[in-house]
Amino acid sequence: PVLRLKNRDFTRDPDALRRLNDDPMVLKETQPAVTVAAMVRANERLERGFSRITMPVLILHGTADKATMPAGSEIFARDAGSPDKTLKLYEGHYNDLLADIGKDEVLRDILDWIETRIAH
């Protein structure tokens with residue numbers, strides 16, 4: 001194992017964090033070197049293909065995310081080939097936007113984005 005993420009880096013919500021910490025499948029999860037290497041290769045491949053993504057895209061990221069970098073979402077938004085792309089950064093939010101404090105705002109934004117596109 002070469003990578004171990006901290007559950008507290010995914011959510012600021014004490015109840016959600018408790019559920020993560022109580023889950024034996026998540027509590028001591030680690031990623032082996034082979035998985036991390038595959039994730040790096042996948043990321044490089046994805047970045048090369050961003051311009052080929054032409055469907056509507058909604059990109060959401062917490063600015064205080066410690067597991068992934070918001071800059072990656074900004075690069076995706078910049079380079080995606082879709083003429084319909086939305087980047088929404090949530091100030092102070094962590095990685096798991098739907099299990100973090102403020103999840104109601106995130107869910108509302110997702111539903112509004114979908115409803116806007118279904119109506120047209």
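Q: Quick one to start: is Arg-78 buried or exposed?
A: Arg-78 counts as exposed, because its relative accessibility is 58%. Keep in mind that this is a predicted model.

Q: Leaving out residues up to four places away in sequence, what does Asp-79 touch?
A: Asp-79 touches Phe-50, Ser-51 and Lys-85. There's also Gly-49: the C-alpha atoms of Asp-79 and Gly-49 are separated by 9.1 Å, and the two residues are 30 apart along the chain.

Q: Let's zoom out. How many helices and strands does the chain have?
A: Five helices and two strands. Going along the sequence, the order is α-α-α-β-α-β-α.

Q: What size of box do the C-alpha atoms fill?
A: Roughly 45 × 35 × 20 Å, taken along the principal axes.

Q: What share of the residues is buried?
A: 24% of the 120 residues count as buried.

Q: What about contacts, how much comes from residues 24 or more positions apart?
A: Those pairs account for 66% of the contacts that have a separation of 6 or more.

Q: Back to charges. How many positive and negative side chains are there?
A: There are 18 positive and 20 negative ones, and the centres of the two sets lie 5 Å apart.

Q: How many salt bridges does the count come to?
A: Eight.

Q: Which residue does Asp-84 form a salt bridge with?
A: Asp-84 goes with Arg-117, and their closest N and O atoms are 2.8 Å apart. Asp-84 is in the loop between α4 (70–79) and β2 (85–90) while Arg-117 is in helix α5 (residues 103–118), so the bridge ties together parts that are 33 residues apart in sequence.

Q: How accessible are those two, Asp-84 and Arg-117?
A: Asp-84 has 24% relative accessibility, so it counts as partly exposed. Arg-117 is partly exposed as well, with a relative accessible area of 27%.

Q: What about Glu-105, which side chain does it meet in a salt bridge?
A: Lys-88, at 3.9 Å from N to O. Glu-105 belongs to helix α5 and Lys-88 to strand β2, so this pair links parts 17 residues apart in sequence. Glu-105 is partly exposed at 32% relative accessibility, and Lys-88 is partly exposed with a relative accessible area of 30%.

Q: Which residues are linked in a network of salt bridges?
A: Asp-15, Arg-18 and Asp-22.

Q: Last topic, the surface. Which residues form the positive patch?
A: The positive surface patch is made by Arg-4, Lys-6, Arg-8, Lys-28 and Lys-66.

Q: Where is Lys-66, then?
A: Lys-66 is in the loop between β1 (57–62) and α4.

Q: Why does Lys-66 count as exposed?
A: Because its relative accessible area is 54%, and exposed means over 50%.

How values were computed:
Residues are numbered from 1 along each chain as its sequence is written. This is a predicted model: local features need pLDDT of at least 70, side-chain atom pairs count only at pLDDT 80 or more; totals for chains, interfaces and linings use all residues. Side-chain values use heavy atoms; hydrogens and water are left out. Helices (H or I, at least four residues) and strands (E, at least two) are DSSP runs, numbered from the N terminus. Buried means under 20% relative accessible area, exposed over 50%, partly exposed in between (1.4 Å probe, protein chains only). Contact means heavy atoms within 4.5 Å. Lys and Arg count as positive and Asp and Glu as negative; His and the chain ends are not counted. The place of a charge is taken as NZ of Lys, CZ of Arg, CG of Asp or CD of Glu. A salt bridge is a side-chain nitrogen of Lys or Arg within 4 Å of a carboxyl oxygen of Asp or Glu. Patches are made of residues with over 30% relative accessible area and no salt bridge: like charges are joined within 9 Å, nonpolar side chains (Val, Leu, Ile, Met, Phe, Trp, Tyr) within 5 Å. Accessible areas come from the Shrake-Rupley method with a 1.4 Å probe; for residues, only the protein chains shown count as cover.
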